Amino acid sequence: MQSTALRAPMMSWLPIPVDFRADLRAALQADDASRCLENLARLSGYQLGFLETLQLDRAISELGLKEASGFVPIRLAILASSTVDHLPPAIRVAGLRRKLLIDVHSGAYGQYRQDLLNPTTSLHQFSPQTVLFSLTAREILSDVPVTAAVSDVDEAINRSIDELRLLWGKAHETFNAAIIQQTFVDVAEPLFGSYDRFVPGAPSRLVAELNDRLTEAAARDGVLLLDIGRASARDGIDAWFDTGRWLQGKLEIAPQAAPLYGEMTARILAAQRGLSKKCLVLDLDNTLWGGVIGDDGIEGIVLGEGSAAGEAHLALQRYAKQLKERGVILAICSKNDPAIAEAAFQKHPEMLLRQPDIAAFLANWDDKTKNLKAIAARLNIGIDSLVFVDDNPVERARVRQSLPMIAVPELPDDPAQYVRCLGDASYFEAVAFTSEDRHRARQYAANAEREALLESAQSMDEFLRGLKMSVVFGPFTAVDHARIVQLFNKTNQFNTTTRRYTSEEIASIANLPNALTLQFRLLDRIGDNGLVSAMILRPAPAQEDVFEIENWVMSCRVFGRQLEFEAMNIAVEVARQRGARALIADYIATPKNNVISALYLSLGFAPINEPAPANGAMRWFLDFSDYVTRDTHIVHAGAAG
Amino acid sequence: MTAEEILSAFTRILRDLLLNDSIVLTMETRREDIPNWDSFNYINFIVAVEIEFGVKFKVADIESFANVGAIITELMKLRK
């Protein structure tokens with residue numbers, strides 16, 4: 001063969017479609033557009049190459065839907081210094097994989113400065129919620145000769161970073177948009193070989209330096225990074241950059257890398273809206289260890305140092321443990337004798353994962369779909385926030401079939417590749433790392449302790465009294481900003497209107513003089529439950545002495561602890577101090593927030609009998625002269641911030 | 001693979017790409033004969049062919065292919 005074969009990044013964690021052409025045509029046979037979209041969303045969960053991605057996108061476009069029930073609409077603008085026409089299809093398809101309906105605006109290449117600065121451009125009409133900067137390092141590289149001194153290189157980098165920050169600021173100010181910046185890809189050939197790293201003006205050294213400085217600036221400005229620099233190191237530069245395509249059409253991202261580019265972008269957009277996965281559910285036999293413990297016994301399973309296969313399974317345990325440390329919840333779902341399975345966690349000397357690491361342990365002979373539902377119920381999280389890892393293709397197919405909202409990675413045959421497969425899938429994409437994340441595992445353990453306390457208590461009242469709870473509350477603080485954003489975007493059950501907010505929106509609400517914000521932290525004698533509730537109130541339109549609860553969220557960790565009553569006591573008191581005489585509040589029903597359908601009634605609100613607003617909300621009203629402060633077992637420990 | 005077999009694979013790829021099952025390619029078909037086969041979709045077609053057949057065309061050839069037959073001739077050369 002004369003030519004080198006084309007290399008493409010693979011999304012190997014997704015199952016391969018059986019007959020994509022037939023499935024696509026069948027998907028479009030449904031009666032109405034929104035049903036077709038559902039079908040296409042299911043199809044987007046398969047491993048799609050370059051051509052399949054374009055086809056699926058064309059099918060999406062032909063439906064012409066700007067919004068659809070069950071899908072989150074997003075307006076994303078790409079500002080680019082190279083041709084990016086091939087990226088929007090991939091972004092839309094990867095969005096569909098997460099039930100995001102992404103409207104993508106991409107400007108002409110190299111026009112990003114004008115697009116941003118000139119208020120008459122179509123970008124301004126489009127008014128993006130998120131702006132993605134997709135820039136090449138070429139401009140900067142062409143300014144710096146190889147012979148440049150350190151100080152000249154520094155100056156050139158400073159200039160570029162300063163300009164970027166100006167553009168970020170402009171995009172943020174103009175659209176109140178969240179900003180994502182693509183990292184720079186090193187497409188340069190070596191000039192000195194390995195010695196490039198010592199030469200400040202050598203292109204690849206420059207790109208590395210640029211990425212470091214970009215990261216610092218982005219962290220400072222609250223900008224998120226789309227790390228394709230890292231992805232191209234993972235897949236090889238040939239998979240991400242193709243000189244031919246650059247010469248033909250000024251494409252910096254190779255077309256065959258577009259599907260993964262879209263996937264990575266959609267992950268961030270989903271994470272911003274709290275749609276990343278939360279819980280890693282692991283099978284045991286031939287997944288966490290080699291062999292079948294029921295047959296082979298504790299001594300017979302393959303695990304740990306001494307054999308390569310044993311180390312491969314141990315590597316998966318280590319990875320799971322690291323995920324746990326960053327706030328991912330771990331659970332076990334295995335067809336096994338519970339006593340034998342638990343014994344491995346207690347007694348096997350090589351086990352890295354121990355029972356306290358596992359928030360829900362389900363080893364039995366029930367169907368796995370039943371156990372997965374039980375895990376979600378016990379942890380009080382949505383079933384769509386689970387990732388199920390199982391070596392058995394039959395179990396995987398069953399779960400995908402009956403619970404399609406659960407992510408089920410297509411594990412490779414060789415356990416040595418398990419960790420890489422999970423890492424590539426990046427199910428737990430984050431946009432922040434909060435102290436709540438750091439302490440989540442401890443909080444789940446503390447909750448188990450509280451449950452034990454509840455079981456031994458004579459009554460609910462005695463249990464709550466025994467907890468010695470206190471609440472710290474106050475307006476939104478800058479220190480807790482990331483957690484508040486996370487709470488509004490990740491909470492699905494106790495969420496009165498399910499309105500989602502970008503980090504920027506929360507920051508601007510917190511600074512509005514007439515808005516009233518409240519955050520609540522609940523402590524008890526077992527520990528700190530963390531910042532678990534937040535509320536946004538604004539003066540009701542045309543009624544200055546009435547505040548409207550725009551949204552109110554509470555973590556499911558503290559359900560049944562009377563916090564909703566104490567929070568309302570506090571809200572009424574604070575609103576009164578601001579001159580209000582009443583509150584109005586909406587409850588917008590979703591498939592997930594039924595648990596609070598009677599919330600406002602139980603808090604003493606009366607329903608407002610007027611035609612339902614267009615969003616299907618139930619409206620509630622509370623006159624302060626009717627409000628009776630509720631007795632709870634929660635004392636005030638002082639104000640936050 | 002014969003030229004005929006490659007031609008039928010090309011037809012399938014272009015039908016998929018343009019979501020148009022009525023497309024029929026011959027050795028003599030030129031880009032302008034097919035609706036919507038613009039320069040963007042021409043590159044997409046080339047990329048799809050490169051992925052499917054595991055080859056890479058030379059930049060100069062991509063610019064100068066006169067018709068479908070010319071692409072097939074070059075592809076067969078690359079696959080030797």
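Two residues are in contact if their C-beta atoms, placed from the backbone, lie within 7 Å. Keep that in mind for the exercises below.

The model is predicted, so local features need pLDDT of at least 70 and side-chain atom pairs count only at pLDDT 80 or more, while totals for chains, interfaces and linings use all residues. Residues are numbered from 1 along each chain as its sequence is written, and chains are lettered from A in the order in which they are written.

**Exercise 1. Work out which strands of chain A form the open sheet, and which stand at its edges.**

Step 1. Two strands pair if DSSP finds at least two bridges between them. Five strands of chain A line up in the order E2-E1-E3-E4-E5, with parallel pairing.

Step 2. Look at the ends of that order. Strand E2 (100-106) and strand E5 (224-226) of chain A each have a single partner strand, so one side of each is left without a neighbour in the sheet.

Step 3. Zoom in on one pair. Strand E1 (residues 72-80) and strand E3 (residues 130-134) of chain A are joined in the parallel sense by five bridges. Within E3(A), A:Val131 is the bridge partner of A:Ala77.

**Exercise 2. Is A:Thr265 buried or exposed, and which residues does it touch?**

Step 1. Find the residue: A:Thr265 sits in helix H13 (residues 258-272) of chain A.

Step 2. Apply the cut-offs: a residue is buried if 20 or more other C-beta atoms lie within 10 Å of its own, exposed if 12 or fewer, and partly exposed in between, with C-beta atoms placed from the backbone. A:Thr265 is buried, because it has 27 C-beta neighbours inside 10 Å.

Step 3. List the partners. Leaving out residues up to four places away in sequence, A:Thr265 touches A:Ile91, A:Ala94, A:Leu132 and A:Leu226.

**Exercise 3. Explore where chain A meets chain B.**

Step 1. Count both sides: 21 residues of chain A are in contact with 17 residues of chain B.

Step 2. Find the elements involved. On the chain A side, helix H3 (50-63) and helix H12 (243-249) are the elements that give two or more residues. H3(A) provides the largest share, six residues.

Step 3. Sort the residues on the chain A side: nine are nonpolar, nine polar and three charged. Here Ala, Val, Leu, Ile, Met, Phe, Trp, Tyr, Cys and Pro count as nonpolar, Asp, Glu, Lys and Arg as charged, and the others, Gly among them, as polar.

Methods:
Helices (H or I, at least four residues) and strands (E, at least two) are DSSP runs, numbered from the N terminus.
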